[in-house]
2 protein chains.
Amino acid sequence: MRESALPAIILVAPQMGENIGAAARVMKNFGLSDLRIVAPRDGWPNPLAMDMASGAAELVEHAKLFATLEEAIADLSYIYAVTARQRDMVKPVAALGQDSLRAGAGFVFGRERIGLTNDEVVLADCVLTIPTNPGFSSLNLAQSVAVVCYEVASKPKRGALTSNSPASKAELIGLLEHLEAHLDRLNAYANVDEKKPVMVRNLRNMFTRAGLTSQEIQSFRGVIRVLTGTKQ
Amino acid sequence: MRESALPAIILVAPQMGENIGAAARVMKNFGLSDLRIVAPRDGWPNPLAMDMASGAAELVEHAKLFATLEEAIADLSYIYAVTARQRDMVKPVAALGQDSLRAGAGFVFGRERIGLTNDEVVLADCVLTIPTNPGFSSLNLAQSVAVVCYEVASKPKRGALTSNSPASKAELIGLLEHLEAHLDRLNAYANVDEKKPVMVRNLRNMFTRAGLTSQEIQSFRGVIRVLTGTKQ
């Protein structure tokens, strides 16, 4: 797991290069540099992002590109999903400016118009809302990044736990995929394919919420092997 | 003086319509509506501002247009000048997120590239800085408006004083112009015209910093009449 205590900004499927550039610029304004981009609509690199970044072009050049959110967060241990609205999902919720935030977390922002899907939110440890006018809550993507960067840069953070710290997302997702592969193999969905996405999402949410340590994940993988009578 | 406790956002000579629209949108996101524009570079109305405002077009439509900053702040009693850098000027300084802010104040933002002139900053009661990366402090105009609106909307504000509250800027500027007219008439600059702008700026700064009430302004205008032996 990476050592940096500086937060990462993760843009999921951003549509407009200008917003990527504006996000990079405001990250640099507030002293952040770890920009990650998942499946940008218009491909990568994007000259509009470079133009809009102005003096922060190096953040755009060094942005890390990923095909999936799972890969983008693999080395992080705590993830906030920044959303305008609550989800019908059992998940801790924090309000920006009201609840203290974890140091070194990743902040995940959704697409310009439709935000994050439920399958993406489920991978986060916490839903982070920005308190806005209920009648007009849809913030521009770069403006959302601006207020999160401002808040993160200017306010004291809750420290990450020094012992029993949560495993990396790579370890957690490894466990989940392990479990899901067994369920597939054992025909857990009783041939009702519609059940599968909901069940997977609920399991992922439960395990994410548990905040498992590396040791606990190893133990649980052992449990799965025992339960299934397999060596994997 | 107006009664509203909601802050006003004042953009001085903004260059890009897109930034005016983005500022309007984020104001609405955070529940603000009093947008004032001083001498926009590309005239007014500006279709680019309307486009960028998205669901906040009514803020752009109802924005108040002024020729000078003095007119734009006339009905307000407390003004913050939002600047990236300190000025060589005796003026209180507050840092966004660290010092509590007055309710119902006006927040003045400068031009995209060069910000506010000293003659504009002098009209403010307080310089408001946004804590940024010293190596890259120049925030995009709409991003500055975003973090100020976010902070104003989400944090408790210091109440305006209920008694001895400062006079409106119209009253203060009336006093200053009264005094400046006498100084002109009395040849105070001893025919050295270069002295005048500095002297005017220093006087304006001193009187602004004093936070005079309406009563004190009336008294001082009386003093000026006595000193000059005039009826005005």
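Modeller: Buried area is the accessible area, taken with a 1.4 Å probe, that two parts lose on being put together, summed over both. This is a predicted model, in which local features need pLDDT of at least 70 and side-chain atom pairs count only at pLDDT 80 or more, while totals for chains, interfaces and linings use all residues. Residues are numbered from 1 along each chain as its sequence is written, chains are lettered from A and ligands numbered from 1 in the order in which they are written, and side-chain values use heavy atoms, with hydrogens and water left out.

Biologist: What area is buried between chain A and chain B?

Modeller: The contact (heavy atoms within 4.5 Å) takes 27 residues from chain A and 27 residues from chain B. Carbon and sulfur atoms give 57% of the area buried between the two chains, and that area is about 2300 Å².

Biologist: Which residues in chain A lose the most area to chain B?

Modeller: Chain A puts 27 residues into the contact. Three of its residues together account for 29% of what that side buries, and they are A:Asn29, A:Phe136 and A:Tyr150.

Biologist: In what order do the seven strands of the open sheet in chain A stand, and which strands are at its edges?

Modeller: Strands (DSSP runs of E, at least two residues, numbered from the N terminus, as helices are for H or I with at least four) pair if DSSP finds at least two bridges between them. The sheet in chain A is parallel and has the order S3-S2-S1-S6-S4-S7-S5. Two of these strands have a single partner strand each, so that one side of each is left without a neighbour in the sheet, namely S3 (64-66) and S5 (93-95).

Biologist: Within that sheet of chain A, which residue in S7(A) is the bridge partner of A:Ala81?

Modeller: Strand S4 (residues 79-83) and strand S7 (residues 126-129) of chain A run parallel and are joined by four bridges. In S7(A), the partner of A:Ala81 is A:Val127.

Biologist: How are H1(A) and H6(A) oriented to each other, roughly parallel or roughly antiparallel?

Modeller: Their axes, which are lines fitted to C-alpha atoms over the stretch in contact, with angles from 0 to 180 degrees between N-to-C directions, come within 8 Å and cross at roughly 15° for H1 (residues 17-29) and H6 (residues 141-154) of chain A. Contact is made by A:Asn19, A:Ala22, A:Ala23, A:Val26 and A:Met27 of H1(A) with A:Leu141, A:Ala142, A:Val145, A:Ala146 and A:Cys149 of H6(A). Angles under 35 degrees count as roughly parallel and those over 145 as roughly antiparallel, with 65 to 115 roughly perpendicular and the rest oblique. The two helices are therefore roughly parallel.

Biologist: At what angle do H7(A) and H9(A) cross?

Modeller: Among the residues that meet are A:Leu175 and A:His178 in H7(A) and A:Ile217 and A:Phe220 in H9(A). The axes of helix H7 (residues 169-185) and helix H9 (residues 214-228) of chain A come within 10 Å, and the crossing angle is roughly 10°.
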